[in-house]
Amino acid sequence: MTENSYNTPCGCIHYFVNIIDKQKITLVFLPGLTADHRLFEKQTEYFEKRQNVFVWDAPSHALSRPFTNNYSLSDMAEWLYEILVKEEIYNPIIIGQSMGGYLAQMYMELYPDKIKGFISIDSAPLQKSYMTAVEIWLLERAEPLYKIYPWKVLLRAGSRGAQRRIMVRILCGR
């Protein structure tokens, strides 16, 4: 993997890319909030000799710091698009984890004809059209429900959920 960078008005984005054949599909890995390119270390290691691969440190993360925090999800999607054009990546399959999945969905909204596929890991749909009326109704009432629970109970529940996800990743070799 070759490390490259892309300058934006808010800072410099660092990314890693390995292109075998520009005509082939490129797997574009987008880590979530607080994660960096190492989240997909095993995947990029596996695919880099078989497939075109791209992974970045999102703005304000790891090597992409310092970065001013006055940008939007659509700004990030635009920068991603510009980086992919710079690297001559025209057939991306975007694999987004959590916030990376939201970014991928924004990318698809802005550039629907510039993506070959999307894989979501731990992300919910951004558009209401993908949600049922009951799910929207429940989301609109989530804050009062959370206020009922004592803070320590919420912390324990969140930690247990995170521990389960970490154990699954360890058992799956991630």
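The exercises below, each with a worked solution, concern a predicted model.

**Exercise 1. Work out in which order the strands of the open sheet lie, and which strands form its edges.**

Solution. Begin with the strand order, which reads β1-β2-β4-β3-β5-β6 for the six strands, with mixed pairing. Next look for strands that pair on one side only: these are β1, covering residues 2-8, and β6, covering residues 117-121, and they are the edge strands. Finally, compare the directions of neighbouring strands, which are turned by 20° against each other on average when direction is ignored.

**Exercise 2. Describe how β5 pairs with β3 and with β6, and follow the chain from β5 to β6.**

Solution. Take β3 first: this strand, residues 26-30, pairs with β5, residues 92-97, in the parallel sense over five bridges, and within this part of the sheet Leu30 has Gly96 of β5 as its bridge partner. Then turn to β6, which also pairs with β5 in the parallel sense, over five bridges; here Ile94 has Phe118 of β6 as its bridge partner. The chain passes from β5 through α3 to β6, and this β-α-β crossover is right-handed. To place the helix itself, note that α3, residues 99-110, lies across β3, β4 (52-57), β5 and β6, and that α3 runs at about 145° to β5.

**Exercise 3. Classify the packing of α2 against α3 by angle, and describe the residues in their contact.**

Solution. Helix α2, residues 73-86, packs against α3 at an angle of about 75°, and the two axes are 9 Å apart. Because angles of 65 to 115 degrees count as roughly perpendicular, α2 is roughly perpendicular to α3. On the α2 side the contact is made by Leu73, Ser74, Met76, Ala77, Leu80, Tyr81 and Leu84, and on the α3 side by Met99, Tyr102, Leu103, Met106, Tyr107 and Leu110. Sorted by class, this contact has 12 nonpolar residues, one polar residue and no charged residues.

**Exercise 4. Determine whether the aromatic pair of Tyr81 and Tyr111 is stacked or edge-to-face, and locate both residues in the chain.**

Solution. A pair of aromatic rings is described by the distance of the centres and the angle of the planes. For Tyr81 and Tyr111 the centre-to-centre distance is 4.1 Å and the planes are 5° apart, and the pair is stacked. Tyr81 belongs to helix α2, whereas Tyr111 sits in the loop between α3 and β6, so that the pair, 30 residues apart, links distant parts of the chain. The structure holds nine aromatic pairs.

Note on methods. Residues are numbered from 1 along each chain as its sequence is written. This is a predicted model: local features need pLDDT of at least 70, side-chain atom pairs count only at pLDDT 80 or more; totals for chains, interfaces and linings use all residues. Side-chain values use heavy atoms; hydrogens and water are left out. Two strands pair if DSSP finds at least two bridges between them. Helices (H or I, at least four residues) and strands (E, at least two) are DSSP runs, numbered from the N terminus. Axes are lines fitted to C-alpha atoms, for helices over the stretch in contact, and angles run from 0 to 180 degrees between N-to-C directions. Contact means heavy atoms within 4.5 Å. A crossover is right-handed if, with the strands pointing away from the viewer, the path from the first strand over the helix to the second runs clockwise. Angles under 35 degrees count as roughly parallel, over 145 as roughly antiparallel, 65 to 115 as roughly perpendicular and the rest as oblique. Ala, Val, Leu, Ile, Met, Phe, Trp, Tyr, Cys and Pro count as nonpolar, Asp, Glu, Lys and Arg as charged, and the others, Gly among them, as polar. Rings of Phe, Tyr and Trp (its six-membered ring) pair if their centres lie within 6.5 Å; planes under 30 degrees apart count as stacked, over 60 as edge-to-face and the rest as tilted.
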